Amino acid sequence: MEDIKIYKINKMDKLSANQISNWQYTGIYARYSFDGSEESKDELMNGDYYTVYDQVETLVAYLCFGNSAQVPTAKALGLYHEVYLDIGIGLSPELCGKGLGKDILTEGIIFAQEKFNSLSIRLTVAVFNTRAIKLYQGLGFVKVSTFARINEGVRTDFDVMVMK
C-alpha cells in the first residue's frame with residue numbers, strides 16, 4: 001500500500017521564517033540558499049509566504065504566491081499577465097531530490113486555487129534546475145517564454161511555465 005502524505009499549509013510565522021532563512025543548499029542549487037539576515041526573514045514574513053509541514057509537524061517546504069513568486073526581470077519585460085497566479089516552492093535542503101516535490105506542489109496548487117480562487121497557475125524556474133522542470137512538466141506545466149536575468153555579472157536563464 002502506498003504511503004500517503006498529508007501536508008498542512010499555513011501563513012508563514014516568525015519561527016518558521018527564522019528556520020527557513022538559515023536553509024543552505026549545495027552545488028548548483030546554492031544560489032537558493034538564504035543568508036539568515038533580517039532582510040531574508042522580513043521577506044519571508046511579507047504575507048506572500050506559507051509554510052508546509054508534514055503529518056509529524058516537520059517543516060518540509062515553503063510556498064509563495066503573487067509578487068514574491070515572480071522574477072522582477074520578467075515583470076519588467078511584460079512576460080507576466082495578471083490572469084495568472086504565480087507560485088513558488090522551496091523544499092527543505094535535506095529533502096531535495098527525494099521525490100516529495102510532486103505531492104507538496106500538488107497540495108500547494110490545490111491550496112492556491114481554493115485560497116486565491118485562481119485556476120490559472122504560473123511559475124518561473126531557472127533553466128539549470130532540470131529536476132524542477134521535470135516535476136513541473138509532469139504536473140502539466142508548459143513553457144510559454146524564456147528570459148535571461150543578469151545579477152552581479154551572472155546570467156541566469158529562466159522559463160515561465162503555465163499549468164494547462
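**View 1. C96 is partly exposed**. Its relative accessible area is 23%, where partly exposed lies between buried (under 20% relative accessible area) and exposed (over 50%), with a 1.4 Å probe and protein chains only. This is a predicted model, in which local features need pLDDT of at least 70, side-chain atom pairs count only at pLDDT 80 or more, and totals for chains, interfaces and linings use all residues. Residues are numbered from 1 along each chain as its sequence is written, and side-chain values use heavy atoms, with hydrogens and water left out.

**View 2. C64 is buried**. Its relative accessibility is 5%. The whole structure holds zero disulfides (pairs of cysteine sulfur atoms within 2.5 Å). For C64, the nearest cysteine sulfur is that of C96, 14 Å away.

**View 3. T51 sits in strand β2**. The strand covers residues 49-53; strands are DSSP runs of E, at least two residues, and helices are runs of H or I, at least four, numbered from the N terminus. T51 counts as buried because its relative accessibility is 0%. Beyond neighbours within four places in sequence, its contacts (heavy atoms within 4.5 Å) include K8, D13, S16 and A61.

**View 4. The largest nonpolar core has 28 residues**. Such a core is a set of buried Ala, Val, Leu, Ile, Met, Phe, Trp, Tyr and Cys residues joined through side-chain atoms within 4.5 Å. V52, F65, I87, I104, Y136 and F141 touch the most other members. Helix α4 gives the largest share, five residues.
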